[in-house]
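This briefing is meant to be read beside the sequence and the coordinates.

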Amino acid sequence: MLLKDNDVVLFQGDSVTDAGRNRENPDDLGYGYPTIIASMFYALHPELNVKFINRGVSGNRVRDLKERWNSDCIDLKPTFVSILIGINDTWRNYDNNDYTSPEKFEEDYRYILETTKEKLDAKIIMMEPFVLPEPEDRKGWRVDLDPKIHVVRKLAREFGAYFIPLDGIMAQYSIIKEPTFWASDGVHPTNAGHALIAKEWLKLVKAL
């Protein structure tokens, strides 16, 4: 198993990670996949003292993550950094006409990874952003999102990060059950969607 005694795991990202966490309580993990991961991990491995922290912020793009990376990552000194970011970089193009190019997306994401490698002795877990094809307009988002997914895959290879192909996994499970079963608006996971992300994360770190 990848996680060891006294590890500190930091979850970072946007609303999918934030999941309604209480900002006044630094130990609150929200209702989503971070709390499912922590709860399952403690139940499966009670002998290990592992701390889980959630600093996801709803609405964040990769540029926002870059701006707060020192205070919300480096200063916390995690030994594992789990990142799920990117869907808002696509969404803002369609609701606010605020486009983020793949090149700018890569530049800011690269800064995050380089800073982490430089300042922390931490393992990195990268999850690719995803969108499901419901409602109908989400299908058009692929034009913007797909190049950003390829950036995430490229950076994961380059930086030797652990990687979860979340867009592919969500698409795979949406063949078994309709997409809205996993994410009601194509972006924000349902309880089942969060549980699916948690399962894949725990499988990756060999905790299941």
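At what angle do helix α5 and α7 pack, and how far apart are their axes? In this predicted model, helix α5, which spans residues 87–95, packs against α7 at an angle of about 155°, and the two axes lie 9 Å apart.

**Helix α5 with helix α7**

- Because angles over 145 degrees count as roughly antiparallel, α5 and α7 are roughly antiparallel to each other, and their crossing is right-handed.
- On the α5 side the contact is made by I87, D89, T90, N93 and Y94, while α7 contributes V143, D144, L145 and K148.
- By residue class, this contact of α5 with α7 divides into four nonpolar, two polar and three charged residues.

**Helix α6 with helix α7**

- Helix α6 (residues 102–119) packs against helix α7 (residues 142–159) at an angle of about 25°, and the axes of these two helices are 10 Å apart.
- Since angles under 35 degrees count as roughly parallel, α6 and α7 are roughly parallel to each other, and α6 passes α7 in a right-handed crossing.
- The residues of α6 that make the contact are P102, F105, E106, Y109, R110, L113, E114 and K117, and those of α7 are P147, K148, V151, V152, K154, L155, E158 and F159.
- The contact of α6 with α7 comprises nine nonpolar and seven charged residues, with no polar ones.

**Helix α2 with helix α10**

- The axes of helix α2 (residues 33–44) and helix α10 (residues 191–204) come within 8 Å of each other and cross at roughly 50°, which makes α2 oblique to α10.
- The crossing of α2 and α10 is right-handed, and in it Y33, I36, I37, M40 and F41 of α2 meet H194, A195, I197, A198, W201 and L202 of α10.
- The residues of the contact of α2 with α10 divide into 10 nonpolar and one polar, with no charged residue among them.

- The structure holds one cavity of 30 Å³ or more, and the largest cavity has a volume of about 50 Å³.
- Its lining is formed by D14, V16, L84, I85, G86, I87, P129, F130 and V187, which divide into seven nonpolar, one polar and one charged residue.

Note on methods
Residues are numbered from 1 along each chain as its sequence is written. This is a predicted model: local features need pLDDT of at least 70, side-chain atom pairs count only at pLDDT 80 or more; totals for chains, interfaces and linings use all residues. Side-chain values use heavy atoms; hydrogens and water are left out. Axes are lines fitted to C-alpha atoms, for helices over the stretch in contact, and angles run from 0 to 180 degrees between N-to-C directions. Helices (H or I, at least four residues) and strands (E, at least two) are DSSP runs, numbered from the N terminus. Angles under 35 degrees count as roughly parallel, over 145 as roughly antiparallel, 65 to 115 as roughly perpendicular and the rest as oblique. A crossing is left-handed if the near helix is turned anticlockwise from the far one by less than a right angle, and right-handed if clockwise. Contact means heavy atoms within 4.5 Å. Ala, Val, Leu, Ile, Met, Phe, Trp, Tyr, Cys and Pro count as nonpolar, Asp, Glu, Lys and Arg as charged, and the others, Gly among them, as polar. On a 1 Å grid over the protein atoms alone, a cavity is a set of points where a 1.4 Å probe fits but cannot get out, and a pocket is an open set with protein on both sides within 12 Å along at least five of seven lines; lining residues have an atom within 4 Å of a point. Grid points are joined across faces, edges and corners, and a volume is the space filled by probe spheres set on the points.
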